[in-house]
2 protein chains.
Amino acid sequence: MPRRGRVKKEGPESGEDSDEYRKRRDRNNLAVKRSRVKSKQKTQETVNRVNELRNENTVLEEKVKTLTKELGFLKELFLAHASNNVDASKYEGINLQKLLADDSSASTSNDKNPGTT
Amino acid sequence: MPRRGRVKKEGPESGEDSDEYRKRRDRNNLAVKRSRVKSKQKTQETVNRVNELRNENTVLEEKVKTLTKELGFLKELFLAHASNNVDASKYEGINLQKLLADDSSASTSNDKNPGTT
DNA sequence: CGAAATTGCGCAATAG
DNA sequence: GCTATTGCGCAATTTC
């Protein structure tokens, strides 16, 4: 789509005289203005969206940090306790190794429910 | 055919002859091009940034979800175990209530789990 | 003050 | 056939 600049054509390329021509030009100029306003709005919205997302991101990162910390602590606690009383057999089907691993990718897919009460 | 609103009158505002004038015009046209390319690049980068942030966000949300799940499970586990052996006294100064609360904001009730059984 | 950069605006081609 | 979009040039203004 080669967009030529002003071609010095004098002929009736797209308009005939000054009557209909002017009207068309004016209408197009209005359309151009509308389009540009729209374009700017869109750009601004995109910029705003970046800021929103950055904020959400910060919140989420803090949340991850907090949760990771808590989880780490609880794991230590649990392991320390379990080392004293090795009765983890109660939690037979549970993937403790997986859950207690430092990694954070446990699915907790246990069907069996350890008798709670 | 109207030539750019500017008629034959010499405009001492910005041009003088056809010599220096043309050079100035050409240089400005180049500058305009540069500026517009730059502007478009910036816009595009902003759009890209939105996509990047959206992806990061999704990842973080999943992470939060996983961590929350793990944490909830571990808390249940810990509480179930602690109800059998009330030796939480080993962790004297620790805010277990706070940590073990389902939420990350515990009330100011500092009761020591009197062991109902 | 001087040159480049940015901006508003209109034109024309063309996409939809 | 009309509006919307876009590259381009001009000129005013801004920025450096």
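The model is predicted: local features need pLDDT of at least 70, side-chain atom pairs count only at pLDDT 80 or more, and totals for chains, interfaces and linings use all residues. Residues are numbered from 1 along each chain as written, chains are lettered from A in the order written, and side-chain values use heavy atoms, without hydrogens and water.

Start with chain A. It has two helices and zero strands (DSSP runs, H or I of at least four residues for helices, E of at least two for strands, numbered from the N terminus). Of its 117 residues, 19% are buried (under 20% relative accessible area; exposed is over 50%, partly exposed in between; 1.4 Å probe, protein chains only). Chain A exposes about 9,400 Å² (Shrake-Rupley method, 1.4 Å probe; for residues, only the protein chains shown count as cover). Carbon and sulfur atoms supply 49% of that area.

Now the charges. Side chains of opposite charge can pair when their charged atoms come close. Over all chains, the structure holds seven salt bridges (a side-chain nitrogen of Lys or Arg within 4 Å of a carboxyl oxygen of Asp or Glu). In one of them, Glu20(A) pairs with Arg27(A), with 3.9 Å between the closest N and O atoms. Glu20(A) is partly exposed, at 33% relative accessibility.

Arg22(B) and Asp26(B) form a salt bridge at 3.1 Å. Both lie in helix α1 (residues 19–84), four residues apart, about one turn. Asp26(B) is partly exposed at 37%, and Arg22(B) is partly exposed at 38%.

Helix α1 of chain B also carries Arg49(B) and Glu52(B), three residues apart, about one turn. Their salt bridge has its closest N and O atoms 2.9 Å apart. Arg49(B) is partly exposed at 29%; Glu52(B) is partly exposed at 42%.
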